[in-house]
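Here is a short tour for someone meeting this structure for the first time. Keep the sequence and the 3D view at hand.

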Amino acid sequence: MVDNLKLLVKNKNTATIVGSFTVEHVNSIVSAGNEFIFQADHPNFDLSEVTICDSSSVARLIKWSSLTNNQNKQIRFSSIPNQMLAIMKVSGIDRLLESSL
C-alpha cells in the first residue's frame, strides 16, 4: 500500500498535511501549500496526520516559512511529529523555526 501525501484545507487558516511527508511525495503538495499560504491570513499547517517524514519535509517547512515572511504573514506549524522535531533539533533548524512552532 502506497502512503500518499495530501494537503487538506480545513478552513481559511488551517490546512492538514496527511500521509508520508518524504522526499518521494513532498513535491505533490508544494503548489497546494503555496496557494493555501497566499489565501490564508494566518496560515497554520497541522502536521498531526503525518505518518512518516524526513529532512525534505523540514526543508519544505522552511521554504513555506520564508514564503510567509515575504508576504508579511506569520506561519504556524502545529502537532509536529516527534521524528520531525528530532530532525530539526539535530540540524539546529528548531531555532530557525522557533517562532513558528
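This is a predicted model: local features need pLDDT of at least 70, side-chain atom pairs count only at pLDDT 80 or more; totals for chains, interfaces and linings use all residues.

Strand β1 covers residues 5–11, and strand β2 covers residues 14–21. The two pair in the antiparallel sense, over six bridges. A hairpin of two residues carries the chain from β1 to β2. Two of the bridge partners in β2 can be named, as the table shows.

| Residue | Bridge partner in β2 |
|---|---|
| Leu 7 | Ile 17 |
| Leu 8 | Thr 16 |

**The sheet**

Now widen the view. Strands of a sheet pair through backbone hydrogen bonds, in a parallel or an antiparallel way. Here, four strands make up an open sheet, with mixed pairing. Their order is β1-β2-β3-β4. Neighbouring strands are turned against each other by 25° on average, direction ignored.

**A helix on the sheet**

Helix α1 spans residues 30–39 and packs on the sheet.

Which residues of α1 are buried? They are Val 30, Gly 33, Phe 36 and Ile 37. These residues cover an arc of only 130° around the axis, so they lie on the same side of α1. Their cover includes the strands β1, β2 and β3. Helix α2, residues 55–70, is also part of that cover.

**A loop residue**

Next, look at Ser 79. This residue sits in the loop between β4 (76–78) and α3 (82–91).

Leaving aside residues up to four places away in sequence, Ser 79 touches Asp 46, Leu 47 and Ser 48. Take Asp 46 from that list. Ser 79 and Asp 46 are 33 residues apart in sequence. In space, they are 6.0 Å apart, C-alpha to C-alpha.

**Confidence**

How far does the predictor trust its model? The mean pLDDT of the protein chain is 92. Of its residues, 93% reach 70 or more. Confidence is highest in β2, at 98. Confidence is lowest in helix α4 (residues 93–96), at a mean of 77.

Definitions and conventions
Residues are numbered from 1 along each chain as its sequence is written. Side-chain values use heavy atoms; hydrogens and water are left out. Two strands pair if DSSP finds at least two bridges between them. Contact means heavy atoms within 4.5 Å. pLDDT is the predictor's confidence in each residue, from 0 to 100. Axes are lines fitted to C-alpha atoms, for helices over the stretch in contact, and angles run from 0 to 180 degrees between N-to-C directions. Buried means under 20% relative accessible area, exposed over 50%, partly exposed in between (1.4 Å probe, protein chains only). The arc is that of the directions from the helix axis to the C-beta atoms.
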